[in-house]
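The stops below run in order, each with something to select and something to look for.

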Amino acid sequence: MGTMFLFDIFLVVFFINFLHDFHVNASGCDENCAEKPVFSPSRLVVKFGDPSSAMCTVCEQCTAVIGLEKSLGKNIVNGTTITWQADSVTEWILPLLCYYEKYINDPNQEFAQCCTPLPVTVYKPPDNVSISLINHNGPMYEGRQYSLQCTVQDVAPVENLTVTFYRGQTVLGQLQSNNNKKKKKKPVTEIFTLNVSPSKYDDGVHYWCEAKLELGPEGPQPPPVVKSQNITATVYYRPQLQVSSPPDLITVIDGHPLVLDCSAVGNPSPSYSWTLPSNSLSPSNDSVLTFYSATFKHKGVYSCFVINSEGSFTLEFNVKVKVSYITYFILLILIIAAVAVVAAVIICTSLLDYAPNMYRQPEAVRV
């Protein structure tokens, strides 16, 4: 008798579970019902391995059969509310479905299921983000094209990933994944590339990238960001004049300084050589040629040749030395003044010698 009683209880429990599964699977789930369950929050964003929870509420008259389907965690039912809790989210796909069974006037179907799924995003920030130049080492060259590569390791979900390339603090471009890996929820390693053509202004700047998970308002704020290391760009470029171009004719006053400047910028640093109009002038390998007192031997054409491994240019200076008449006029005045002073001294000396004789008494004549 006791054995039969236990067997009957087992059959009842089995039949109830069978009916429940039958209603869930066979009758389907109506997500457009008038009084469908409400999740709070309406979308769940959780970091892999972190604890999480959500609450589902059904209408007052819908408490005959209610439930929350899950793949992990536990449910706590309190009247019209079901609270789902998980100590650690360890699944990348986490289905959560809250439902209740509603009765209908159909002789073939006594009840149907009204349900609401909870959209869940399980995320993981990248383990590492790195940047490099594809198939290139050493200095870059102005005007050539290079490919920057940003590698994002073990990130999920990749469909929410945005990668930004930087030059210093300037944004070069933003990229998102467009391959079929984004259909997978598990972590993947993704590689992004961006082409750049450096100029001389990029010499010494830092290239870097960052990976950001844009998880929406329900996700962490600010969004998780992982930055790469910096790579410093060395850009080789041909010499370019750093100062203003000289006029067609440079006029300098005789005796005044003469300064000829052909300073240039370039990488590698340029070297200089001068061609001078006179062999009496000392050669120079400096970028600036200086004569502190110009004379007529300094007139003529000066050529400055600037060169590095990437190119060269020649700059010419046409110099004219002009006579300063003011200088000669001042010199003439000084000469006249000096002559006048000398003449005045001679006249004064002569007068002093003559004056005592004018007042001397004649001697008596002896008989």
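Select cysteine 56 and cysteine 98: a disulfide joins them, S to S 1.8 Å. Here a disulfide is a pair of cysteine sulfur atoms within 2.5 Å. Turn to look along the S-S bond of cysteine 56 and cysteine 98; its torsion is -85°, and the link is left-handed. This pair ties together distant parts of the chain: cysteine 56 sits in strand 4 (residues 52–57) and cysteine 98 in strand 8 (residues 97–106), 42 residues apart. Strands (E, at least two residues) and helices (H or I, at least four) are DSSP runs, numbered from the N terminus. Cysteine 56 counts as buried because its relative accessibility is 0%. Cysteine 98 is buried too, at 0%. Buried means under 20% relative accessible area, exposed over 50%, and partly exposed in between (1.4 Å probe, protein chains only).

A word on the source. This is a predicted model, in which local features need pLDDT of at least 70 and side-chain atom pairs count only at pLDDT 80 or more, while totals for chains, interfaces and linings use all residues. Residues are numbered from 1 along each chain as its sequence is written, and side-chain values use heavy atoms, with hydrogens and water left out.

Stay with the sulfurs. How many disulfides does the rule give? The count is five. Next, select cysteine 33 and cysteine 114, joined by a disulfide with S to S 1.6 Å. Their S-S torsion is about 65°, so this disulfide is right-handed. Cysteine 33 lies in the loop between strand 1 (29–30) and strand 2 (38–40), cysteine 114 in strand 9 (residues 109–117), and 81 residues separate them. Both cysteine 33 and cysteine 114 are buried.

Now pick cysteine 150 and cysteine 209. Their sulfur atoms are 2.1 Å apart, forming a disulfide. The S-S torsion is 80°, and this link is right-handed. Cysteine 150 belongs to strand 13 (residues 146–155), cysteine 209 to strand 17 (residues 206–213).

Move along strand 13 to aspartate 154. Aspartate 154 has a positive phi of about 55° although it is not a glycine. At 32% relative accessibility, aspartate 154 is partly exposed. Asparagine 135 also has a positive phi, near 55°. Find it in the loop between strand 11 (128–133) and strand 12 (140–141). Is asparagine 135 buried or exposed? Asparagine 135 is exposed, because its relative accessible area is 81%.

Go on to proline 157, in the loop between strand 13 and strand 14 (161–167). The peptide bond from alanine 156 to proline 157 is cis, with omega near -10°. A cis bond also joins glutamine 221 and proline 222, with omega about -5°.

Finally, colour by pLDDT, the predictor's confidence from 0 to 100. The chain averages 85, and 83% of the residues score at least 70. Select residues 1–27: pLDDT stays under 50 there. Zoom out to see two helices and 27 strands.

Key. Contact = heavy atoms within 4.5 Å.
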